[in-house]
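Subject: Structure handover, aromatic contacts

Hi,

My notes on its aromatic rings follow below.

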Amino acid sequence: MLLINDPDTLTHWLSALMLLTATLTFVATSFITAPYGRYSTSKGWGPLLPARVSWMVMESPNLWVPIVLHLLRADTLLSHLVNRILISLFFVHYVHRAVLFPLRMPESSPMPLSVCALAVLYCLWNACLQSLHLMVVRRYAEDWLCDLRFILGTIIFLVGMAVNIHADYSLMRLRASRKGYFVPTGGLFDYVSCANYAGEILEWTGYALATWSLPGLAFAVYTFSNLAPRAQRHHRWYIQNFKDYPIQRKALIPFIW
Ligand code: NDP
């Protein structure tokens with residue numbers, strides 16, 4: 001109760017907990033692959049839900065939490081330009097992820113209820129954390145617009161978003177063209193197996209830099225911890241399933257890993 005009245009301390013603890021969870025997630029997902037997409041199974045993970053519905057449900061807190069917070073509190077920091085820009089980066093990403101991405105998605109593998117439920121919990125947690133930070137806790141002065149961290153961070157975020165969306169739509173086109181899985185090509189896919197994950201990680205790294213905050217850092221670290229082991233797993237899967245898979249292609253970071 002005390003923490004709810006002290007959003008500054010609350011965001012601090014929520015961020016610290018996210019950093020700790022990121023470490024545990026990295027270790028766990030290095031051994032256990034989340035059973036959705038090409039690894040989808042209901043065995044031990046509960047009933048399967050259609051992919052489109054799952055994506056909409058699990059990502060939706062990232063949209064409705066900031067909206068509800070704005071409606072509940074008359075005095076949010078959204079009257080400040082930089083706060084408005086930063087929350088817009090977060091919000092625009094999730095308009096795509098929670099609405100446009102699932103709506104345009106061709107038929108994809110179903111997702112177990114337990115995976116969807118865990119994702120809802122994480123998205124609720126992160127949406128509360130980022131919204132509290134940008135709408136209640138930290139007021140960014142207008143001169144932050146000229147700060148190199150804001151400028152570089154925003155550019156990195158936008159580049160990451162372009163890479164992520166381009167890669168997601170390339171995969172969708174592949175999936176829509178024929179049934180099954182194919183070797184993706186074009187854009188960052190010519191260098192890495194998981195261009196969409198690379199773009200996503202770049203986005204939240206840019207956001208962490210642009211917000212220069214513990215909540216931003218925690219979110220970026222968590223995203224990496226969640227996606228890097230899965231990228232490694234996807235990479236191995238491509239090599240095992242396609243005899244002529246391009247040998248120079250890395251898993252996630254061009255030329256390196
Ligand atoms: P995947 O790359 O595993 O799959 C994306 C879509 O493309 C699915 O519809 C999939 O079908 C299809 N697909 C994938 N590879 C191929 C292929 N080789 N040939 C044909 N179709 C293919 O990504 P995710 O589903 O894990 O993630 C989707 C988006 O969500 C990404 O942009 C990712 O960055 C983001 N995300 C972000 C997370 C975060 O922590 N911030 C966590 C998880 C995802 P199918 O489902 O049938 O395999």
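This is a predicted model: local features need pLDDT of at least 70, side-chain atom pairs count only at pLDDT 80 or more; totals for chains, interfaces and linings use all residues.

A charge sits over a ring if NZ of Lys or CZ of Arg is within 6 Å of the ring centre and within 35 degrees of the ring normal. Arg230 meets that description: its charged end sits over the ring of Tyr36, 3.7 Å from the centre.

Now the ring pairs. A search of the whole structure gave 20 aromatic pairs. One of them is Trp204 with Phe219, with ring centres 4.4 Å apart. Their planes stand at 40 degrees; the cut-offs are under 30 for stacked and over 60 for edge-to-face, so this pair is tilted. The pair links distant parts of the chain. Trp204 belongs to helix H7 (residues 195-211), Phe219 to helix H8 (residues 214-241), and 15 residues separate them. Both Trp204 and Phe219 are buried.

Trp237 and Phe242 make another aromatic pair, this one edge-to-face. The centres are 6.2 Å apart, with 65 degrees between the planes. Buried means under 20% relative accessible area. Trp237 has 13% relative accessibility, so it counts as buried. Phe242 has 17%, so Phe242 counts as buried as well.

Last, the cluster. Which residues form one aromatic cluster? They are Phe90, Tyr94, Phe157, Trp204, Tyr207 and Phe219. The tilted pair of Trp204 and Phe219 is thus part of that cluster.

Best wishes

Technical notes: Residues are numbered from 1 along each chain as its sequence is written. Side-chain values use heavy atoms; hydrogens and water are left out. Rings of Phe, Tyr and Trp (its six-membered ring) pair if their centres lie within 6.5 Å; planes under 30 degrees apart count as stacked, over 60 as edge-to-face and the rest as tilted. Helices (H or I, at least four residues) and strands (E, at least two) are DSSP runs, numbered from the N terminus. Buried means under 20% relative accessible area, exposed over 50%, partly exposed in between (1.4 Å probe, protein chains only).
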